[in-house]
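Here's a quick briefing to read alongside the model. Take a look at the fold first, then we'll go through it topic by topic.

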Amino acid sequence: MTGTHSALRLGLAGCHSCQLLLRVPARVRSSTLRCPRCGAVVHPRKPRSLSRTWALLLAAYVFYVPAMVLPITRITTLGRLQEDTIMSGVVYFFQSGEWPIGLVIFVASVFVPVLKLLILSLLAVSVQWRSQWRPRDRTRLYRITEMVGHWSMVDVYVVTLLVALVKAGALASIEVGPAAFYFASVVVLTILAANAFDPRLIWDALEEAA
Amino acid sequence: MTDPVSQGPEEIPPALVEERSGWSVVWLIPIVAVVVGGWLAYRAIMEKGPEITIVFESAAGLEAGKTKVKYKDVEVGEVTDVRFNEDLSKVLVTAELQPSMRDHLREGTRFWVVTARLAAGQVSGLSTLLSGAYIAMDPTGTGRPQRSFVGLNKPPVITGRTPGTRYRLEAESLGSIEAGSPVYYRKIRVGQVESYELREDGSGIVFGIFIRAPYDRLVHENTRFWNASGIEVSLNAEGFRLRTESLVSMLIGGIAFDTPENLERSGPAKPGTLFRLYSSREETTRPEYQRKERYLIYFTDSVRGLKVGAPVLIRGIEVGKVVDVKFEFDVDTLDFRVPVLIEIEPDRVQLTGSGDKGPGRAFDEELVAGGLRAQLSTGNLLTGQLLIELEMHPEVPPGKLRVEHGYKVIPSIPGEIDRFKQGLLGVLQKIQRLPLDQIAENLNATLAGTNRIANSPELLQALEHLNATLAETQTVANDLSTKTLPRLEAVLQEAHRTLNDLGGLVRSDSPLYQELMVMVKELSASARSIRMMSSYLEQHPEALLKGKRP
């Protein structure tokens with residue numbers, strides 16, 4: 001497979017700061033490389049990409065449970081407190097016939113985060129196992145994950161706006177429930193996890209095999 | 001194509017290698033996440049209070065996830081599920097309570113749905129109009145821990161651990177009493193009616209009442225409870241009476257109690273003691289007599305005004321009451337009769353005398369044979385109420401105690417009014433029987449005869465003769481006064497002297513009088529001995545021959 005060598009395979013890497021091409025040792029497990037010119041840290045692949053991805057993913061999974069179970073809004077109407085979780089809100093909108101809104105909330109709050117988590121998990125697992133299965137599709141999946149991440153905070157935005165808007169004192173008020181924090185954490189953690197993942201690792205497995 | 005790597009390896013400087021230590025800090029994030037998640041889970045498990053199931057008849061206003069469980073208006077839990085039981089007859093409400101309530105969920109803890117309601121003169125639960133119904137909890141239980149409860153249909157009247165005692169009352173009907181009706185002691189509100197239920201056999205109502213703590217010691221074993229509801233107006237043979245306990249009880253009914261002074265004080269009543277609920281205060285003062293004997297009385301006169309419950313009196317003392325008044329028609333004799341069943345309480349009469357004429361005597365038979373008769377008499381002239389009087393009438397022919405319809409029959413005599421009426425009728429009939437026309441005719445004839453005599457010439461002649469006769473008499477009288485009278489006077493004086501002498505003879509201190517007195521005594525003594533002798537001879541005629549035996 002001549003001409004499909006990655007830079008790393010050829011023992012080369014570029015400095016992120018000054019774009020200097022550097023020669024790097026083949027195995028750089030427990031050492032940090034520095035650019036001799038600008039002194040910036042050089043890494044041919046994102047350092048500890050896989051373990052960081054795993055760590056963030058794990059944290060995201062852990063936080064996803066309270067994000068779903070705990071109430072995200074506390075609506076007080078005429079002294080009557082009503083707590084809603086994300087799913088109960090979705091169910092409410094579907095039952096009351098407002099299914100487009102329900103669908104939006106479901107997609108933004110449940111479908112997308114779960115999808116991101118699952119895709120990242122799949123990628124991490126495949127890299128861990130040095131799988132050679134459909135590297136191109138997997139890279140595309142990674143791109144989708146990054147792209148979709150921008151929209152996954154819709155829920156938090158909605159809640160924030162509602163809390164700011166509905167302040168009618170004793171008549172009605174909306175408070176942020178604890179789930180909002182965990183949900184935001186999940187979103188941030190998945191973004192970080194996606195960021196930590198180095199898609200070049202998908203291809204490294206192929207080169208190693210070759 | 002040139003290979004940049006092979007072209008100038010010298011031109012590509014090697015990266016500086018620095019030793020790096022340890023593991024990535026990024027792993028702190030999942031550790032923190034796990035710690036936070038674990039803490040959340042731990043708190044959720046710890047905060048997860050006991051889950052209870054309450055069975056309600058209906059789930060009006062109960063919503064899973066919204067309806068709260070409250071104790072003293074403080075939220076202690078939330079309804080998590082509302083569903084039916086298998087045969088759809090009841091609603092099973094599952095609620096999750098706070099962990100602090102765990103120890104208070106015991107047998108006897110009560111739950112009920114609080115909604116706005118108007119009962120027993122009180123408006124309650126108005127706040128639920130806005131906030132929706134909630135389940136109230138009353139952790140009075142001290143029994144075994146329990147997780148499944150039966151909800152009350154109505155809010156309990158006494159909540160919390162109010163000190164006091166519960167009793168039960170039995171009555172024939174509910175009256176105007178309802179749950180929440182007050183209980184009074186000398187017009188102080190000391191408790192409330194908690195519940196009431198029909199006896200299983202439908203023979204009466206059993207009330208549950210609660211008397212608050214300092215007052216419950218006033219309830220003795222012989223305490224009498226009575227219905228103090230509304231205005232009590234009684235119009236009976238004893239007159240007209242109006243009584244009320246309080247304005248509240250007038251509207252929503254109430255119960256009052258007191259311990260009669262005439263009964264012996266007994267110990268405090270045990271909780272749950274069953275008392276009788278009398279229908280009025282008056283009834284409670286009536287002593288209770290266990291022994292009751294029933295008699296039948298047939299009346300032939302009108303019993304209008306005789307009501308069931310009318311008193312039966314002997315010499316004006318109540319000894320019983322009328323139990324039933326019926327009406328009979330004898331098809332054989334075509335006669336109407338009114339059988340009245342009365343109930344006599346023999347224990348009302350205190351027995352005196354030695355009673356040595358033998359036990360088990362049938363007093364009633366003896367009394368009836370001696371002339372005991374029943375009669376109707378007017379108890380109240382204003383209302384015409386009748387009562388029954390049992391009196392001895394020695395003048396009536398002796399009767400006998402019959403038995404009819406399984407009851408002993410006391411014979412009756414017409415009542416006072418009836419007798420009065422009959423007497424009046426007799427007089428009227430006698431007046432009617434008088435030959436008034438004939439008398440008038442005779443009288444007329446007599447008068448005519450008299451008239452004729454008065455106007456006759458014979459009468460004139462007779463009068464003239466009478467005149468002459470009178471003149472003669474005049475002359476005779478004159479003679480008498482002039483000649484005869486002086487002589488008569490002399491005779492009288494003579495007689496007076498003689499009588500004076502005689503008076504001296506018979507004066508009490510005169511010897512003649514004394515002798516006479518002695519003689520009279522002698523005479524009476526001899527008369528007595530003659531009487532004795534004659535009576536002795538009557539009994540012992542043989543003494544004439546044989547002489548008196550010693």
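How many bridges join strand 5 of chain A to strand 6 of chain A? There are five, and the two strands run antiparallel. Keep in mind that this is a predicted model.

**Chain A at a glance**
- Chain A holds seven helices and seven strands.
- Reading from the N terminus, its elements go β-β-β-β-α-β-β-α-α-α-α-β-α-α.
- Chain A has 210 residues, and 30% of them count as buried.
- Among the chain A contacts with a separation of 6 or more, 66% come from residues 24 or more positions apart.

**The three-stranded sheet**
- In chain A, an open sheet is made of three strands in the order 6-5-7, with antiparallel pairing.
- Strand 6 (80-84) and strand 7 (172-176) of chain A sit at the edges, each pairing on one side only.
- On average, neighbouring strands of this sheet are turned by 20° against each other, ignoring direction.
- Strand 5 of chain A covers residues 73-77, and Thr77(A) has Arg80(A) in strand 6 of chain A as its bridge partner.
- Helix 5 of chain A (residues 154-165) packs on the sheet, where it touches strand 5 and strand 7 of chain A.
- The direction of helix 5 makes about 145° with that of strand 7 of chain A.

**A helix in chain B**
- Helix 9 of chain B spans residues 436-455, which is 20 residues.
- From first C-alpha to last, helix 9 of chain B reaches 29 Å, close to the 28 Å expected at 1.5 Å a residue.

Conventions
Residues numbered from 1 in each chain as written. Chains lettered and ligands numbered in written order. Predicted model: local features only at pLDDT ≥ 70, side-chain atom pairs only at ≥ 80, totals over all residues. Helix = DSSP H or I, 4+ residues; strand = E, 2+ residues; numbered from the N terminus. Expected span 1.5 Å × (residues − 1). Pairing = 2+ DSSP bridges. Axes fitted to C-alpha atoms, helices over the stretch in contact; angles between N-to-C directions. Contact = placed C-beta atoms within 7 Å. Buried ≥ 20, exposed ≤ 12 C-beta atoms within 10 Å, placed from the backbone.
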